[in-house]
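Student: I have a model to go through. Can you put it up and take my questions as they come?

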Amino acid sequence: MTLTITHLYYLVGAILAVTAVMTLTDRQHAKRYSSAFFWGLYSLVFLVGDRLPPVWVGVGVVVMALIAAFGGVGIGHHVPRTVEQYAASAKRLGNKLFIPALAIPVVTMIGTLSASHLVIGGTPLLDPKNTTLVSLGIGCIVALALACKMTNETPVQGIRESRRLTDALGWALVLPQMLGMLGLVFSDAGVGKAVAHITTSYINMDVRFFAVVVYVVGMALFTVIMGNGFAAFPVMTGGVGIPVLVGMYHGNPAVMAAVGMLSGYCGTLLTPMAANFNIVPAALLELPDKNAVIRAQVPTALALLTCNVFILYFLMFR
Amino acid sequence: MPTEINLWPLLGVAVIIAGFVLRFNPMLVVIVTAIVTAFAAHFPVEKILATIGTGFIKTRNLPLIILLPLAVIGLLERHGLRQHAQRWISSIKSATSGRLLIVYLGARQLTAAVGLTSLGGHPQMVRPLLAPMAEGAAEARFGALPDKVRHKLRAYAAATDNVGLFFGEDIFVAFGAIVLMTTFLREAGIDIEPIQVALWGIPTAVCAFVIHAWRLRRLDGWLARELAGATPVAPAASTANPAVKGA
């Protein structure tokens, strides 16, 4: 049997369903019904999402967004431990605490690297298309087993802790997926084509340096809008890179592609649209300012973007 | 290229920018943008909902990397992982927040460059280990930290993970972005080897390290100024060489 990403969807769906039930039975929760409904709907997306008609899923997504937008997702009741309890178990377990934490990346890495050899009777053990994610899932299960054994806790306590962190993240947990969806809507609606049309029709590219600036800055700006360098690359490279930098000025396409994509990544550092990298960590680290991570990245991104202009200009036309 | 290009979907771009600038709830901004954009492209209501639904199902893999590690990380936190990480780093006398993050930046870039992109990440590395360590290193020098400083250190820890990952992974030949680039260029009639694209990512990667490491060194200086008087140690001048060498 091949372990596929669908199994991970069921696992995550089950975790979210339990989270929803725990929320529903949490009598001290101020918004328990709307929060439980939100997590319940989200768990359905993973458990049965691909078997539902897309229109229904769309309705569910709109409902989830409205619950979140009007403050319906709240934080439940969690019993914190005392400072002494933390200190005592930190002292008792010491460096052993690092083992499960590091087991997640290590198992993920081993799984990813050895996946192509794990074939039994022609059937791969791990989904070849999603080896990293499937390995991450295995890594988390192995790490949970290690952590439970070490701390004498049950997996149920693990789920409770998972719910504590899920509550802390709130709707920010769903935002990356919402933005991913928006990216697909943008591309279906032809936003990329419209942007390329505007860029190429209204900007003068007769000066070589200027064309380089348009490409580099355009990649970053378009990534800021789309939240993803992968979405910006075909648009800017098809609109400016290939016809102007390579076609008109005969630049080296390998340099253009590499520096172009990395200019897009500078844009990723700057945008709330890249929720997984910028908004989620702010929530995960319990920062009051949701844009704190972006703020810490702005100087690096702008300085690097300037470097990219010169790297592209000097290395592309040697 | 079709002759008639519908520019109305750009309305969606305006909506999302306005929404984020005016600080409306992001979930509301996104759903309104999706509906406005699809409407501007003349989609009927049923198709708008179906497009949203299909898109949401297609991107289900995005939250996995955040959701899956939560149980383990939560359990370990319950047993003092963060406290231990802080104590552990404060036992290393030469550790400053800036130097620690520079070492992490270098390690993250190098491991990502050989394809080990999953050796970091916010839920499994930054929250439980890197951020507490950055705080612990500062605490060991300056004593208890005000919230403003604590939050800044956490934001820098998250930023360092991002910078290291982004400007390391593109040097790895088998990475998705390289495949995407070469495929796109081939379709446009330009044949180049993936290895060439990967190699031309190196100058930017080096710049990224230098720029961000320099800013992390300044972070140590900022900490010393902000928390001045708390301790006799003056890290700003002494950080230069060991920090860069350590990475």
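Student: Asp161(B): buried or exposed?

Tutor: Asp161(B) has a relative accessibility of 1%, so it counts as buried. Buried means under 20% relative accessible area, exposed over 50% and partly exposed in between, using a 1.4 Å probe and protein chains only. Before going on: this is a predicted model, where local features need pLDDT of at least 70, side-chain atom pairs count only at pLDDT 80 or more, and totals for chains, interfaces and linings use all residues. Residues are numbered from 1 along each chain as its sequence is written, chains are lettered from A and ligands numbered from 1 in the order in which they are written, and side-chain values use heavy atoms, with hydrogens and water left out.

Student: Which side chain is in polar contact with Asp161(B)?

Tutor: The side chain of Arg108(B), at 2.9 Å. A polar contact is a pair of N or O atoms within 3.5 Å; within protein, one must be able to donate a hydrogen and the other to accept it, and residues adjacent in sequence count only if both atoms are side-chain atoms.

Student: What else does Asp161(B) touch?

Tutor: Leaving out residues up to four places away in sequence, Asp161(B) touches residues including Tyr104(B), Gly120(B), Gly121(B), His122(B) and Val126(B). Contact means heavy atoms within 4.5 Å.

Student: New topic. How much area do chain A and chain B bury between them?

Tutor: About 10,900 Å², with 80% of it on carbon and sulfur atoms. Buried area is the accessible area (1.4 Å probe) that two parts lose on being put together, summed over both.

Student: How many residues does each chain put into the contact?

Tutor: Chain A gives 135 residues and chain B gives 107 residues.

Student: And how many salt bridges and polar pairs?

Tutor: Five salt bridges between chain A and chain B, and 22 residue pairs in polar contact, both residues at pLDDT 80 or more. A salt bridge is a side-chain nitrogen of Lys or Arg within 4 Å of a carboxyl oxygen of Asp or Glu. Glu161(A) forms one with Arg78(B), and their closest N and O atoms are 3.8 Å apart.

Student: Now chain A by itself. How many helices and strands?

Tutor: Chain A has 14 helices and two strands. These are DSSP runs numbered from the N terminus: helices are H or I with at least four residues, strands are E with at least two.

Student: How much of chain A is buried?

Tutor: 57% of its 318 residues count as buried. The C-alpha trace of chain A spans about 70 × 50 × 45 Å along its principal axes.
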